[in-house]
Amino acid sequence: MPFKRTVEIGRVALVNFGPDAGSLVVISDVLDLNRALVDSPTTTRRSINFKRLSITDLKVDIPRLAKKAVLKKALEEADIEGKFAASSWGQKLARREAKANMTDFDRHCAAVKKMKRSASVRKAFNKLKKSA
C-alpha cells in the first residue's frame, strides 16, 4: 500500500502556513482537488488549500459536515491532541517551539552544559585511546 495518509473526511491535518500555522484541524469535506473544508473546536469552519495542510496519521470518525459539538466530542474521545503531542512529529514541534522561546540565559546554560558534556566524552575517549 503506497499511501498511508489519504485525504478523507475525519482526517486530522496540521496547518503549515498562514495565520493558523501549527494548529490541528479536521477535514470536514473535500471541495475539489485543491481545497478542503476544515474545522476545529477553536476556529471557524473554512476552506483551505491542500498545499497549506500536512496530513497526519490520525483520523476521527465523524460524519460529513459534522456540527461543532459532534466534532469536539469525537476529538476528546479519541484524545487527538494527546496522541499528536506524543508522536515524534509533535515532540519535534514542541522542541522547536521551546528552543525558539529560550531566553539569552537559557541559551548560555545550554551551551555550558553542552561544553561540559563534550569535555567528559572527550576525556573518556582519550583515556580509552591511551589504554588501547
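Helices here are DSSP runs of H or I with at least four residues, strands are runs of E with at least two, and both are numbered from the N terminus. The model is a predicted one, in which local features need pLDDT of at least 70 and side-chain atom pairs count only at pLDDT 80 or more, while totals for chains, interfaces and linings use all residues. Residues are numbered from 1 along each chain as its sequence is written, and side-chain values use heavy atoms, with hydrogens and water left out.

Now for the sheet. Five strands make up an open, antiparallel sheet, ordered β4-β3-β2-β1-β5; two strands count as paired if DSSP finds at least two bridges between them. At the edges sit β4 (43–49) and β5 (53–59), each pairing on one side only. From one strand to the next, the twist averages 40°, with axes fitted as lines to C-alpha atoms (for helices, over the stretch in contact) and angles running from 0 to 180 degrees between N-to-C directions.

Three bridges tie β1 (residues 11–15) to β2 (residues 24–30) in antiparallel fashion. V12 stands opposite V26 in β2, and A13 has V25 as its bridge partner there. Towards β3, four bridges make the antiparallel link, with I27 of β2 partnered by V38 in β3. β2 and β3 form a hairpin with four residues between them. Six of the seven residues of β2 are buried, so β2 is largely enclosed by the rest of the structure. Buried means under 20% relative accessible area, exposed over 50%, and partly exposed in between, using a 1.4 Å probe on protein chains only.

Back to α1. Helix α1 (residues 68–78) lies across β2, β3 (35–40) and β4, at about 75° to β3. L71, A74 and L75 are its buried residues. They cover an arc of only 100° around the axis, which puts them on the same side of α1; that arc is taken from the directions from the helix axis to the C-beta atoms. On the other side, A69, K73, E76 and E77 are exposed. The cover over the buried residues includes β2, β3 and α2 (80–86).

What holds the most contacts inside the largest nonpolar core? Of its 13 residues, V12, L24, V26, V60, I62, L75 and I80 touch the most other members. Such a core is a set of buried Ala, Val, Leu, Ile, Met, Phe, Trp, Tyr and Cys residues joined through side-chain atoms within 4.5 Å. β1, β2, α1 and α2 each supply at least two residues, and α1 gives the most, with three. Apart from this core lies another, of ten residues, among them A13, V15, A36 and L53.

Finally, there's α4 (residues 104–131). At 1.5 Å a residue, its 28 residues should span 40 Å, and the end C-alpha atoms are 41 Å apart, which agrees; the expected span is 1.5 Å times one less than the number of residues.

Conventions:
Contact means heavy atoms within 4.5 Å.
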